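Reader: I am new to this structure and would be grateful for a close look at a single part of it. Please guide me through that part in a connected account.

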Amino acid sequence: METTKNLYQRRERELVEDIVVLEKAIKNFWEILPIPACTTSPIFIILETGKSFDTLFNYKKDELIGETLKKVSFDKNNFEALLDNLSIKRKVSNIEIALKAKDGDKILALVSAIAQEDDDREAFSYLFSFVDVTLIKKTEEELQEKVVALEKFQKIAIGRELKMVELKEALGRSHEEVKKLIRQLAEKN
Amino acid sequence: MINQKEIQDILKKQGDVRGAVFQTDANYVLKKGSQGDLLKVENLLKEWNVGLQFKDVEAMGWYPISWRTFSLLAIKEALGWDDIQIREMGKNAPNVSIIVKLFFKLFPDIKKFAQQIPNYWRKHYTVGELEVGELDKDRQTMVIYLKNFSFHPVLCRYLEGYFEQATKLTRPEDSVVTAKEIQCSFNDNTPYEAYQLSWTK
């Protein structure tokens with residue numbers, strides 16, 4: 001029969017083993033997660049960043065830890081408004097916002113975030129994800145420009161077509177007039 | 001330089017420490033130096049019969065408390081670092097510690113943060129008690145007492161930096177946070193270490 005002390009020690013050992021497994025899983029999760037993500041404190045001090053996050057913003061591993069998340073904002077006012085909104089609602093989804101990489105490059109991203117709360121519903125950390133839509137937006141803009149150009153071309157092409165019909169009709173009318181005049185001239189002679 | 005008697009005295013200390021502290025030590029050595037520096041530290045530890053291998057450490061695993069002191073002393077001795085560098089290493093630790101990232105609830109309300117402090121200690125060590133003494137919200141200061149953890153002065157410098165940065169993580173970006181050991185069991189013969197934390201915002 002297992003004594004209470006042994007049972008307690010065995011459970012503690014098992015717990016440590018489970019934690020070690022979880023720790024490795026979390027480490028791998030941050031390493032492999034394809035979506036740029038990070039966690040922050042309730043006042044948005046960065047606590048953890050994934051590899052994709054560091055790659056997107058061009059920072060070295062752990063370089064941003066302890067820094068404010070506002071460091072990646074492109075337009076500070078917009079970004080602060082997003083954070084204020086998050087503080088109130090505790091969750092935001094797919095908010096499009098301009099961000100800034102270390103070298104100053106503008107990044108357009110869809111930001112989602114959720115608060116982790118304690119029993120009193122007080123936020124003790126936030127989890128953020130940033131889906132980079134810079135390329136999609138650029139392609140969308142280029143596509144839009146092409147649509148506008150196509151519409152312009154279509155307008156010109158249709159205008160020319162109508163003009164040609166008009167000219168053809170005018171030519172037909174002129175042709176009839178000439179024939180009429182020839183007939184009248186022949187009758188006179 | 002540490003002598004055999006000191007090594008034996010440290011080895012007698014009872015208790016355990018989470019592996020995360022050694023990972024943060026290794027992180028800082030690699031940040032400031034190289035893999036070769038880490039090897040120098042491990043070789044010195046081997047000379048002291050301490051079987052600490054940084055790469056094998058599991059963050060949430062428990063290790064002998066004596067290793068906490070040995071790790072810092074070996075880094076100091078093998079790399080010729082001074083107290084300021086040890087303090088900086090302490091400051092770096094909360095930024096890279098998986099325990100801080102997973103378990104610390106860094107509430108911006110300083111009173112609520114203070115309530116968490118004893119739990120933070122328990123997440124790392126099975127010995128010693130970290131208690132909040134005086135918290136003055138108006139003067140923006142707090143004194144914390146570390147009891148039953150009088151191991152070696154090298155830990156005092158390290159923890160000074162650690163407490164400073166852990167508090168900094170709860171304050172706004174432009175707040176200036178400082179930690180200062182105001183009473184030391186080694187210098188003042190007190191049964192505890194006392195640290196004063198102050199912040200500007």
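This is a predicted model: local features need pLDDT of at least 70, side-chain atom pairs count only at pLDDT 80 or more; totals for chains, interfaces and linings use all residues.

Author: N58(A) belongs to the loop of chain A that runs between α2 and α3, the latter covering residues 76–89. The backbone of N58(A) has a phi near 65°, which is a positive value in a residue other than glycine. A positive phi is also found at R90(A), where the angle is near 70°, again in a residue other than glycine. R90(A) is located in the loop between α3 and β3 of chain A, with β3 spanning residues 91–100.

The helix α2 itself deserves attention. Helix α2 of chain A comprises residues 51–57, and F53(A) and F57(A) stand four residues apart in it, which means that about one helical turn separates them. Their rings form a tilted aromatic pair, with 4.7 Å from centre to centre and 50° between the planes.

Ring pairs join F53(A) and F57(A) with F44(A), Y126(A), F128(A) and F130(A) in a cluster. Over all chains, the structure holds 24 aromatic pairs. Another aromatic ring of chain A, that of F124(A), has K105(B) over its face, at 5.0 Å from the ring centre.

The setting of this part is chain A as a whole. Chain A contains four helices and five strands, and their order along the sequence is α-β-β-α-α-β-β-β-α. The radius of gyration of chain A is 35 Å, whereas a compact globule of 189 residues would have a value near 16 Å. Along the principal axes, the C-alpha atoms of the chain fill a box of roughly 140 × 45 × 35 Å. Of the contacts in chain A between residues at least 6 apart in sequence, 40% join residues at least 24 apart. Chain A exposes about 13,600 Å², and 56% of this area is supplied by carbon and sulfur atoms.

Conventions: Residues are numbered from 1 along each chain as its sequence is written. Chains are lettered from A and ligands numbered from 1 in the order in which they are written. Side-chain values use heavy atoms; hydrogens and water are left out. Rings of Phe, Tyr and Trp (its six-membered ring) pair if their centres lie within 6.5 Å; planes under 30 degrees apart count as stacked, over 60 as edge-to-face and the rest as tilted. Helices (H or I, at least four residues) and strands (E, at least two) are DSSP runs, numbered from the N terminus. A charge sits over a ring if NZ of Lys or CZ of Arg is within 6 Å of the ring centre and within 35 degrees of the ring normal. The radius of gyration is taken over C-alpha atoms; the globule rule is 2.2 Å times the number of residues to the power 0.38. Contact means heavy atoms within 4.5 Å. Accessible areas come from the Shrake-Rupley method with a 1.4 Å probe; for residues, only the protein chains shown count as cover.
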